[in-house]
Amino acid sequence: ATALVWFRNDLRLDDHPALRAALEAGYTPVPVYIHAPGEEAPWQPGQASERWRQRSLQALDLDLRQRGAQLCLRHGPSLPALLSLLQQTGAEAVFWNRRYEPAVQARDARIKQALRAAGHLARSFNGSLLFEPWTVQTGQQGPYRVFTPYWRNLQTRLDQLPAPWDAPATLPQLPMPPSSLPLPALRLSSALAWDAGFWQHWQPGEAGAREALQVFIEGALNGYRSDRDRPDRVGTSLLSPHLHFGEVAPWRIAHRLQQQRNAGSSADIDAYLRELGWRDFAHHLLHHFPDSAQQDFNPRFAGFRWAEPAPALLQAWQRGQTGVPIVDAGMRELWATGYMHNRVRMIVASFLCKHLRMHWRHGAQWFWDTLVDADLANNSLGWQWTAGTGADAAPYFRVFNPVLQARKFDPNGQYIARWVPELASLPVPARFAPWQLPADARPPGYPANPIVDLEQGRDAALAAYRDSKV
Ligand code: FAD
């Protein structure tokens with residue numbers, strides 16, 4: 001018998017619960033990917049992450065071919081595409097791994113119902129979280145809103161994670177596999193080509209994820225707890241796009257790290273597992289509070305006096321031309337690589353929401369389009385956390401000072417010099433606040449002054465906060 005295995009954000013073969021279940025039930029799996037971005041509206045995938053997806057699909061197809069199978073690509077809408085493939089292949093079942101974005105969850109529920117109504121077997125699995133949102137509950141059987149008790153709960157269950165599973169070296173294949181669209185026909189990449197420089201930094205696909213994990217374990221894991229805040233070093237795993245596209249299962253990462261316990265980096269391992277916990281927590285919040293991708297989690301912000309969006313200021317922020325070096329460095333890293341360091345994400349987000357007092361939605365939208373790891377759960381949580389509007393957020397009145405943040409976390413100004421080369425020839429202390437130099441010593445080609453006076457911006461933000469009595 002035959003089953004469709006519907007690939008989505010789980011572009012790997014190892015630790016693939018849907019594939020595994022199909023094989024274990026004795027089915028010949030037909031691997032399928034359906035391109036239907038409109039079904040994810042209003043959060044259809046952004047441009048940078050679509051480029052990643054294109055490469056990841058290519059890698060998945062190669063991995064399947066090495067095992068004697070191949071990926072079948074189709075255009076959406078998803079349900080008719082699945083039904084027509086079921087008919088063409090004579091398959092009786094569809095297996096897939098779950099996603100948690102509100103629009104996708106609703107679509108999947110409709111599809112499951114329709115498939116079953118048509119007499120097919122439809123089964124879904126957890127392919128991307130340590131623990132799914134509805135399996136983690138407070139003492140009152142409700143969802144968590146605060147991370148620390150949530151994480152305490154999860155920590156007691158880490159020994160229940162599934163064991164790693166390696167996909168077999170050969171996969172059964174139908175004698176006449178269904179035809180596939182060529183990858184370019186999905187039109188995942190538009191004419192815009194700002195991503196040309198991305199790919200020297202990244203290797204999308206399962207092999208790239210495996211390699212990144214290995215590099216991390218042999219390198220930055222040692223010292224992760226303190227270095228994770230240092231944008232001038234490679235202090236983190238750089239696994240976020242691989243995790244977003246499901247090129248590696250988080251429980252395999254957890255398992256690999258637990259094996260390193262004896263190597264003496266227990267505090268680093270705990271710190272890393274906690275970040276995977278934040279990732280699960282973000283999905284927990286998005287599932288239980290689906291409006292939080294759009295609206296302030298904290299309803300008391302409904303009357304907050306956000307500034308009218310000023311296109312020139314927003315554009316200066318987007319393009320890394322604010323005149324605040326650490327902000328500009330982050331925004332330019334994002335544009336050049338599709339990625340930004342977490343500490344710097346917090347700094348640029350705070351600058352937008354507080355110094356410029358723009359609603360976090362404007363920033364979240366830009367990140368959505370430009371991050372290769374753009375992820376609705378993590379992005380919404382990150383923005384609402386920094387803006388102070390979130391469930392378990394930094395209070396609004398805690399305004400990051402971008403100069404002090406840069407001095408602390410990029411102490412030699414190396415990250416700034418790398419991404420804002422106009423400042424690279426300045427002595428280190430001047431790189432953090434070049435407007436404090438005498439006018440004739442300021443570097444040419446860089447804004448002479450920040451687009452907002454840092455003290456005034458901060459005071460105005462605090463005044464707005466006080467006045468709106470949040
Ligand atoms: P590591 O430090 O190696 O962490 C390991 C993994 O844990 C990450 O790959 C990620 O999956 C998860 N993780 C780490 N930090 C967080 C966090 N704060 N919240 C949730 N999960 C986390 N992350 C995304 O994956 N996609 C986004 O769209 C995204 N948007 C963000 C927006 C803002 C404003 C902020 C402040 C943070 C955002 N993050 C987002 C979280 C974080 O910045 C990235 O996950 C991290 O920088 C990825 O780098 P890494 O893989 O080297 O992280």
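Helices (H or I, at least four residues) and strands (E, at least two) are DSSP runs, numbered from the N terminus. The model described here is predicted: local features need pLDDT of at least 70, side-chain atom pairs count only at pLDDT 80 or more, and totals for chains, interfaces and linings use all residues. Residue numbers start from 1 along each chain as its sequence is written.

## Ligand shell

Four helices each supply at least two residues of the shell around the ligand: α8 (240-244), α10 (266-288), α13 (342-355) and α15 (376-387). The largest share, six residues, comes from α15. Of the 28 residues around the ligand, Thr236, Ser237, Ser240, Asn379 and Gly382 come nearest.

The shell holds 13 nonpolar, nine polar and six charged residues. Here Ala, Val, Leu, Ile, Met, Phe, Trp, Tyr, Cys and Pro count as nonpolar, Asp, Glu, Lys and Arg as charged, and the others, Gly among them, as polar.

Where does the ligand shell lie relative to domain 2 and domain 3? Domain 2 (128-162 + 206-288) and domain 3 (299-467) both give residues to the shell, so it lies between them.

## Annotated positions

An unreviewed UniProt entry places the feature "binding site" at Tyr224, Thr236, Ser237, Leu238, Leu239, Ser240, Tyr272, Asp373, Ala374 and Asp375. These positions span 152 residues in sequence, and the farthest two C-alpha atoms are 22.8 Å apart, so they do not all gather at one spot. UniProt positions are given in the numbering used here, feature names are shortened, and annotations may be inferred rather than shown by experiment.

Tyr224 sits in helix α7 (residues 224-227). Not counting residues up to four places away in sequence, Tyr224 touches Gly235, Asp268, Ala271 and Tyr272. Contact means that the C-beta atoms of two residues, placed from the backbone, lie within 7 Å. Ser240 belongs to helix α8.

A residue is buried if 20 or more other C-beta atoms lie within 10 Å of its own, exposed if 12 or fewer, and partly exposed in between, with C-beta atoms placed from the backbone.

| Residue | Other C-beta atoms within 10 Å | Class |
|---|---|---|
| Ser240 | 20 C-beta atoms | buried |

An automatic or database domain assignment sets the domain bounds. The chain is divided into domain 1 (2-126), domain 2 (128-162 + 206-288) and domain 3 (299-467). The centres of domain 1 and domain 2, taken over C-alpha atoms, are separated by 25 Å. Their contact takes 16 residues from domain 1 and 17 residues from domain 2. On the side of domain 1 that touches domain 2, the largest share, five residues, comes from α2. That side divides into five nonpolar, four polar and seven charged residues.

Leu57 lies in helix α2 (residues 47-66). Leaving aside neighbours within four places in sequence, Leu57 is in contact with Leu11, Tyr33, Leu71 and Leu183.

## The whole chain

The secondary structure comes to 19 helices and five strands. Of the 470 residues of the chain, 45% count as buried. Among contacts between residues at least 6 apart in sequence, 76% join residues at least 24 apart. The C-alpha atoms fill a box of roughly 75 × 50 × 45 Å, taken along the principal axes.

Methods: A residue is near a molecule or strand if its C-beta atom, placed from the backbone, lies within 6 Å of it.
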